[in-house]
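Welcome, and thank you for taking a look. Here is a short briefing to read alongside the sequence and the 3D view.

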Amino acid sequence: MQLVWSLHPLHVAAWRYYSYHAPLGSMRVTLQAAGPSATVTRNLRAAGIRVTNVRPAQSGFYGDFFAPPAGFRGRRPAILDFGGSEGGLSTSESAALYASEGYPTLALAYFREPGLPRNLVRIPLEYFARALRWLAVQPDVDRGKIVVKGVSRGSEAAQLLGIHYPNLVHAVIALVPSNGAVCGIRPVAPGTQDYRCAGPAWTFRGNPVPYFDNPTLGANPHPFPDERINGPVFLLCAGHDNIWPSCPMSQRIVSRLRAHHFRHSVTFLDYPDAGHGLGSLIPYYPGPDPANLAGAARQANQIARADAWPKLNSFLRTIRNG
């Protein structure tokens with residue numbers, strides 16, 4: 001698959017900085033070498049998936065719901081899927097893939113979309129709970145097997161939901177995570193990555209979730225009580241993480257769970273050469289990650305994603321069959 005993920009535009013001088021977004025349908029790639037050729041079609045969304053746009057005016061949250069094709073029968077685990085500090089509806093591609101595997105999936109935005117806050121500041125956990133309750137009553141959803149998946153800053157929300165809503169959340173996936181809340185952020189200028197602390201990122205019942213303003217130190221003085229999560233946990237970290245120390249923080253999560261004799265399974269994947277961009281997880285996308293998201297080498301994130309993606313699917317199958 002290196003022939004696919006190493007693709008780059010012919011007519012972009014500084015091609016190493018380009019960004020590629022695959023279509024939600026299919027992508028056709030034709031490879032030709034001295035005459036012979038082959039065409040590969042990569043489908044990011046199975047035929048028959050039904051997509052419902054859900055907006056704040058009608059439901060109180062902003063998301064796209066991906067229902068699996070009709071060939072999947074019976075009630076199945078469902079996934080609430082959201083991203084991190086990029087904001088917006090950033091997980092539609094992964095949601096389409098999960099639905100293609102038979103998991104009803106709601107891709108959720110929690111800031112930086114119409115009707116939502118502009119910044120990652122004082123986001124109420126009740127907002128996510130509203131989306132979880134909506135997801136639980138959708139056709140063919142097993143309401144006793146709801147999974148939350150968060151990436152980077154979204155990993156904080158995923159853990160907090162598992163902690164505060166054990167009757168709604170039955171498994172947590174936290175990718176390149178923190179082990180406690182970090183302060184809210186407000187970009188200094190559009191398009192920059194220069195963030196400044198802007199108070200609490202999250203609230204619960206109107207109260208701010210205690211937070212730390214320097215995640216690069218790794219030792220958060222307000223660690224999450226993850227032992228209260230009512231189901232299995234999947235953690236994935238990057239040893240070459242230039243955003244925050246996701247591996248030391250993941251290790252603290254695992255140590256805390258062990259110290260409290262956590263009764264559910266814990267899957268922990270540690271990729272020493274990968275960077276923070278590993279959290280996007282879908283393998284074989286053309287294009288390099290930006291420098292602050294890249295790993296120790298250009299291919300490090302790609303290799304790690306290819307290894308982690310089937311392991312995440314195995315984790316979901318365990319929930320489905322449990």
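Is Cys-197 buried, partly exposed or exposed? With a relative accessibility of 42%, Cys-197 is partly exposed, since buried means under 20% relative accessible area, exposed over 50% and partly exposed in between, using a 1.4 Å probe and protein chains only. This is a predicted model, in which local features need pLDDT of at least 70, side-chain atom pairs count only at pLDDT 80 or more, and totals for chains, interfaces and linings use all residues. Residues are numbered from 1 along each chain as its sequence is written, and side-chain values use heavy atoms, leaving out hydrogens and water.

**Cysteines**

- The model has one disulfide, meaning a pair of cysteine sulfur atoms within 2.5 Å.
- Cys-237 and Cys-247 form it, with sulfur atoms 2.1 Å apart.
- Cys-237 belongs to strand 14 (residues 233-238) and Cys-247 to helix 6 (residues 246-259), so the pair ties together parts ten residues apart in sequence.
- Helices (H or I, at least four residues) and strands (E, at least two) are DSSP runs, numbered from the N terminus.
- Both Cys-237 and Cys-247 are buried, and Cys-183 is buried too, at a relative accessible area of 5%.

**Nonpolar cores**

- A nonpolar core is a set of buried Ala, Val, Leu, Ile, Met, Phe, Trp, Tyr and Cys residues joined through side-chain atoms within 4.5 Å.
- In the largest core, of 57 residues, the members touching the most others are Leu-80, Phe-82, Tyr-110, Phe-128 and Trp-202.
- Helix 4 (residues 125-136) gives this core its largest share, seven residues.
- Another core, of 28 residues, lies apart from it and includes Phe-234, Leu-269, Leu-278 and Ala-304.

**Strands**

- Strand 1 (residues 26-32) and strand 2 (residues 37-43) run antiparallel, joined by seven bridges; two strands pair if DSSP finds at least two bridges between them.
- These two strands, strand 1 and strand 2, form a hairpin with four residues between them, and Ala-34 in the turn has a positive phi of about 50°.

**Helix 7**

- Helix 7 (residues 300-321) has 22 residues and spans 32 Å from its first C-alpha to its last, close to the 32 Å expected at 1.5 Å a residue, a figure found as 1.5 Å times one less than the number of residues.
- Its buried residues include Ala-304, Trp-309 and Phe-315.
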